[in-house]
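I opened this notebook to record, step by step, what I looked up in a structure that was new to me.

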Amino acid sequence: ATLLLSRCLLKMVKGNIVDPEEILSFCCNGLQGSTSSLRAQEPGEQEEVPGAMASPSPTRNPTEVQMSQLVLPCHTNHRGELSTGQLLKWIDTAACLSAERHAGCPCVTASMDDIYFEHTISVGQVVNIKAKVNRAFNSSMEVGIQVSYEDLCSGKHCSICKAYATFVAQGPSGSKVRLKPLTPQTEEEKIEHSIAAERRRMRLVHKDTLKDLLTRSLRETAELETRDGSVAVPAAKTRVESVELVLPPHANHQGNTFGGQIMAWMENVATIAASRLCHAHPTLQAIEMFHFRGPSQVGDRLVLKAIVNNAFKNSMEVGVCAEAYGQEMSISRRHINSAFMTFVVLDQEGRPRTLPMVAPEPGDGERRYREASARKKIRLDRKYIVSCKQTEVPLSVPWDQSNKVYLSYNNVSALKMLVAKANWVLAREKEKVRMYTLEEDKFLSFRIEMSVHIAASRAFSLLSDLRRRHEWDRHYASAELVQQVDDDDMIYHVVSQTLSCENKPQDFVILASRRKPCSKGDPYVVAFRSVTLPTHPASADFTRGETICSGFCIWPESEEMSKVAYYNQATPGYLNYVTTNVAGLSSNFCATFEACEKFLLKNKEDLIVRLQDL
């Protein structure tokens, strides 16, 4: 019967009695709906595709790329765990595809921020990678990557790492391509979009910041470490050199070597160097922020070098670099990349083992040894301040030269996260002053905003100087500039008129960080947070107060009109005071903000000369 039906259908197709697509539909769908007549698809009508083939929801970020990889034995090391090099290749591939979705042209990896690996992944588990563009700048863009694993047997999901990569769009001749802006839709996307500008700022100053911190730290570093009962291993014994030939499978559609492939090769030689120190199989714990200095192409030879720079009690730093040359006899080599990787050795219970000491080589080896110690402190500061959630950072973090960049980042990003929050509720409106509240966990945040007839840049200059705040805010008695960190960051000692429960005036040590707009549509930002300074400890004459997150955002509405908004995330000790003012009809918040408007209008003409120096 099936044969007869097939011959009958074939004759009908040859005689143009029925369309072949209708036959295909009949074969795929069976007899369901066979009694209904076939109809032509209307112009513009989209056919429903059931199940997994359905198009993504309208709210999904168009640059989002999802990758799922089953970990096979060929992807793992001797312990049956996913090789970090293989994971880096998958991360780079997913991020590149996301970047190219937005750019519409080939993209190359420019840099990768710090990556901290929280767990290992075993054979048989699934790696899920989600990548999407957080923000596009002129010719570069930041891609956020989230990596997790899934155990198919238990259904367990666990986060592995979160990374940020920078990609550059390239035209046909290798020239840079100007990117279209990206409009965030969800609250999470708005937060990432806003903070991406601050992360970009930190990347641009990373090299100079690191150089300054290393120079300062080296002056304070003592002699080489001595550890009782340990025999130092000569660093020269950990040196590794390997060469790789770049073949077509290692390159993208432009012939440039994948950044993830280079990172995988670098991780391989770094692991060998670490193994030579501990005579065990180490686990990669972190990769420090690095930049690709140039491309390599198919046919290049990549020389990869690694050496253990320093070994601490439970971790070691391995320095690794990649150089390229085009011909076998070529003398000159191009520096492609350098990176610093942190390894640990885990025992049977998963606890870090104590490592042997390293005896550095004279000269450059001793320099690398001391620099590794300085980088360890910088790395811990950066992970503690930048990577953790805002609510996990103490109110007053000790400020010093080694963490000034990261405290500034945390200060501004915390305010930007508060600004991007949804669910603000209008609590009061008096004339043109509007007050909003936001209740979250144990915090009560509030926002007060109004439009002021002043240029945004002038309001920015006036409000960023805390020494003049007492002119409009009656809660401020005085503000002394303690330290001018740089052009954008200042530390003030503030004395308040408000008395504490001890019947003493409150004082604050406040870091003020200001930022100009990164691109059109961004606000001017002035962020405040408490810090501690050895030169200004708590005094018996005052009750030391703290602010977790507050500041101003100023949006230009026209050349001479701005929307000024003040934000404050109230700490538990300040909560009762804020709640009383929100509930009362005669709240002094509006009165204070009206005084702020008068201050801005009175002083806006006095800033023309000062603004030229901003």
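This is a predicted model: local features need pLDDT of at least 70, side-chain atom pairs count only at pLDDT 80 or more; totals for chains, interfaces and linings use all residues.

Residues are numbered from 1 along each chain as its sequence is written, and side-chain values use heavy atoms, with hydrogens and water left out.

**Cysteines.** I searched the whole structure for disulfides (pairs of cysteine sulfur atoms within 2.5 Å) and found 0. For C105, the closest cysteine sulfur is that of C107, at 5.1 Å, which is too far for a bond. I also looked up burial (buried means under 20% relative accessible area, exposed over 50%, partly exposed in between, with a 1.4 Å probe and protein chains only): C105 is buried at 15%, and C161 is buried at 2%.

**Cores.** I then turned to nonpolar cores, sets of buried Ala, Val, Leu, Ile, Met, Phe, Trp, Tyr and Cys residues joined through side-chain atoms within 4.5 Å. The largest has 74 residues, of which M141, I145 and M316 touch the most other members. Apart from this core lies another, of 35 residues, including M450 and Y524.

**S408.** Is S408 buried or exposed? I found that S408 is buried, its relative accessible area being 3%. Its side chain makes a polar contact with the side chain of D489 at 2.8 Å; such a contact is a pair of N or O atoms within 3.5 Å where, within protein, one must be able to donate a hydrogen and the other to accept it, and residues adjacent in sequence count only if both atoms are side-chain atoms.
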